[in-house]
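Let's take a walk through this model and look at what sits around its ligands. Keep the 3D view open as you read.

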Amino acid sequence: MKRALITGITGQDGPYLAKFLLEKGYKVFGTYRRVSTPNFWRLQDLGVLNKITLIPADMSDMSSLLEAVTIAEPDEVYNLAAQSFVGNSFDQPLLTSDVDASGSTRFLEIIRHLKKNIKFYQASTSELYGACEKVPQDEHTLMIPNSPYAAAKLYSFHMTRIYRHSYGMFACNGILFNHESPLRGLEFVTRKITNSVARIKLGLQHELRLGNLDTKRDWGYAPDYVKAMWLILQQDKPDDFVISTGEMHSVREFVQEAFNVVGLNWKDFVVSDERLKRPLDVYQLCGNNGKSRKVLKWKPAVTFKELVKIMVESDLGRWQRYMEGEVFPWDAPNHSHEVDIVSRNVVRDKEKEAGKSKGKGKFSLKGW
Ligand code: NAP
Ligand code: F7E
């Protein structure tokens with residue numbers, strides 16, 4: 001029986017991957033962080049919580065990672081753990097680099113010293129392309145990160161490649177474009193939209209505050225994407241692959257489509273909030289998945305429209321059941337929808353007003 005260790009098993013992708021690997025007959029181990037309120041709801045939602053073995057570990061703590069590998073004795077490691085919210089990386093840049101950059105290196109070092117034939121999957125991202133204006137992006141496109149998150153992930157992308165070439169390790173990058181699902185965190189724009197649309201439809205919320213509606217993303221469906229992670233580690237040779245749908249839509253289109261699902265006009269509810277705009281954003285991401293289609297024989301199954309419908313209907317169903325008395329498992333009722341979170345953007349905007357900050361909010365290759 002093959003053994004897999006998934007870091008960050010409590011996030012969006014972890015439970016889908018765990019389910020996929022369990023169905024393939026793997027023994028699955030996953031790392032989780034000790035937190036004051038347990039967050040196993042996604043694992044519970046997919047019915048895998050009692051079928052996996054959980055190991056406490058933090059990406060910033062080398063000894064706990066070593067312990068996790070020693071306990072799990074994995075054939076394959078899927079390194080999904082990360083401070084993955086781009087917006088927050090501007091507020092916590094040092095934490096982000098410790099977890100997302102040094103954390104992966106800690107893992108690569110452990111494998112190098114312990115057992116070099118453990119296969120390693122690094123959760124790389126389309127955010128690496130950042131300010132690059134070429135679309136669609138493929139495995140050879142220039143990478144110009146536009147956030148502390150992307151910079152940290154670029155470091156890990158290269159370290160994975162470097163360990164592969166220096167030490168002959170089976171270390172691979174999946175350059176995954178945005179992928180979403182009903183298990184997506186509420187801070188990400190898609191789930192924020194679908195959760196709000198559901199609440200608005202049921203009269204529990206009256207407006208939806210959003211930042212930049214013009215940015216474009218290549219949004220796919222998370223269960224399709226975890227299959228690609230596994231395929232990447234099943235190849236004869238270690239390599240890096242873009243995983244995407246090849247289609248790009250704006251945040252505005254996502255909003256419009258989500259309100260369409262419940263028969264409402266988005267313009268009646270969406271409010272623009274400057275504070276939700278990032279110091280620097282990434283304007284257009286669209287992946288060329290030609291290599292993964294050809295080599296991995298992978299292709300996405302769920303379309304953009306289907307994805308939006310799946311997410312809206314899932315949130316709608318949850319809130320309807322909540323109103324009938326169901327409270328668990330699920331994240332949204334614990335989330336304060338009226339909360340006012342002050343981020344460093346606010347400080348930056350004040351500095352801009354006072355003429356102290358030169359941040360333009362947009363970086364382009366011109367003049368670089
Ligand atoms: P996610 O929902 O944010 O989950 C991240 C996971 O990492 C959670 O289990 C989280 O634990 C854990 N984690 C965070 N900080 C940690 C630390 N210091 N030590 C140990 N664990 C820590 O992310 P996701 O959407 O599943 O994405 C999985 C991976 O793919 C991430 O590396 C992300 O950056 C990358 N990625 C995601 C996308 C996407 O569109 N979803 C695209 C490209 C790449 P808690 O539950 O305790 O917070
Ligand atoms: O933002 C805009 C925002 O936070 C998408 C992570 O999984 O995918 C994700 O990163 C866009 C941005 O995802 C709001 O400015 C407007 O342009 O959903 P997001 P992301 O930044 O693309 C990549 C591939 C990863 O690797 C990351 O880990 O939407 N936007 N208004 C907003 N975004 C948020 N979050 N909230 C808003 O109110």
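Domain 1 (3-181 + 220-243) and domain 2 (189-216 + 249-285 + 303-334) each give at least three residues to the shell around ligand 2; the domain bounds come from an automatic or database domain assignment. Bear in mind that this is a predicted model, where local features need pLDDT of at least 70, side-chain atom pairs count only at pLDDT 80 or more, and totals for chains, interfaces and linings use all residues. Residues are numbered from 1 along each chain as its sequence is written, chains are lettered from A and ligands numbered from 1 in the order in which they are written, and side-chain values use heavy atoms, with hydrogens and water left out.

So who surrounds ligand 2? There are 22 residues, with Ser84, Thr125, Tyr149, Arg278 and Asp281 the closest; to be counted, a residue needs a heavy atom within 4 Å. For polar contacts (pairs of N or O atoms within 3.5 Å), look at Arg278, which has a side-chain N or O atom 2.6 Å from a ligand 2 oxygen. Asn178 puts a polar side-chain atom 2.9 Å from an oxygen of ligand 2. The protein buries 95% of the 690 Å² that ligand 2 exposes when taken alone (Shrake-Rupley areas, 1.4 Å probe).

Tyr149 has a polar side-chain atom 2.6 Å from an oxygen of ligand 1, and a polar side-chain atom of Asp58 lies 2.9 Å from a ligand 1 nitrogen. Of the 900 Å² of accessible area that ligand 1 has on its own, the protein covers 90%.

Terms used: Polar contact = N/O pair within 3.5 Å; in protein donor to acceptor, adjacent residues only side chain to side chain.
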